[in-house]
Amino acid sequence: MAVYRTVVVGTDGSDSSFAAVDKAAGVAADAGATLVVVCAYHPASRQDVERAQDELGDEAYQVVGSAPAEDTLQSARDRAAKAGATNIETVALEGQPVDMLRKVVKDRSADLLVVGNRGLNTLTGRILGSVPSEVARKSGVDVLIVHTT
């Protein structure tokens with residue numbers, strides 16, 4: 001089995017993504033690896049956020065600004081520490097999740113990317129693609145897709 005030096009995990013603040021953080025933290029702890037927690041976000045006006053919440057309900061968990069992203073990353077850092085990770089870095093980046101995860105993997109020379117499986121079995125995910133399926137195809141490193149749903 002490969003020994004990982006740098007593990008990257010994506011989070012958007014959802015329960016599903018936090019389950020992936022927990023798993024990634026365990027892997028990083030076991031390997032003595034650095035854990036890099038990434039949160040991609042899009043700036044949005046209050047009106048856009050309220051409209052998304054009205055239209056999407058429980059699905060409106062997506063991070064929509066840098067302040068919520070920083071809050072999400074702090075929660076993820078706390079969870080990762082409880083799961084045993086000791087060397088934890090956090091990164092908030094404005095952009096699409098797949099692109100930002102790939103960027104951090106490349107910039108940090110990561111050798112493992114961890115994501116939750118949310119979206120893999122949805123109609124939207126099958127038609128438009130999901131973060132897990134996209135990163136699995138495009139990341140260029142080992143990808144661990146955590147069963148979270």
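This is a predicted model: local features need pLDDT of at least 70, side-chain atom pairs count only at pLDDT 80 or more; totals for chains, interfaces and linings use all residues.
Residues are numbered from 1 along each chain as its sequence is written, and side-chain values use heavy atoms, without hydrogens and water.

Next I looked up the largest nonpolar core, which has 23 residues, with V37 among those having the most contacts inside it; such a core is a set of buried Ala, Val, Leu, Ile, Met, Phe, Trp, Tyr and Cys residues joined through side-chain atoms within 4.5 Å. Buried means under 20% relative accessible area, exposed over 50% and partly exposed in between, with a 1.4 Å probe and protein chains only. Its largest share, six residues, comes from α1; helices (H or I, at least four residues) and strands (E, at least two) are DSSP runs, numbered from the N terminus. Apart from this core lies another, of 15 residues, including V8 and L101.

I then turned to G116, which is found in strand β4 and is buried at 12% relative accessible area. G116 and H147 are 31 residues apart in sequence, yet their C-alpha atoms are 6.3 Å apart in space.

Last, I checked helix α4 (residues 97–107), where V98, M100, L101, V104 and V105 are buried. What covers these buried residues includes β1, β2, β3, β4 and α6.

Terms used. Contact means heavy atoms within 4.5 Å.
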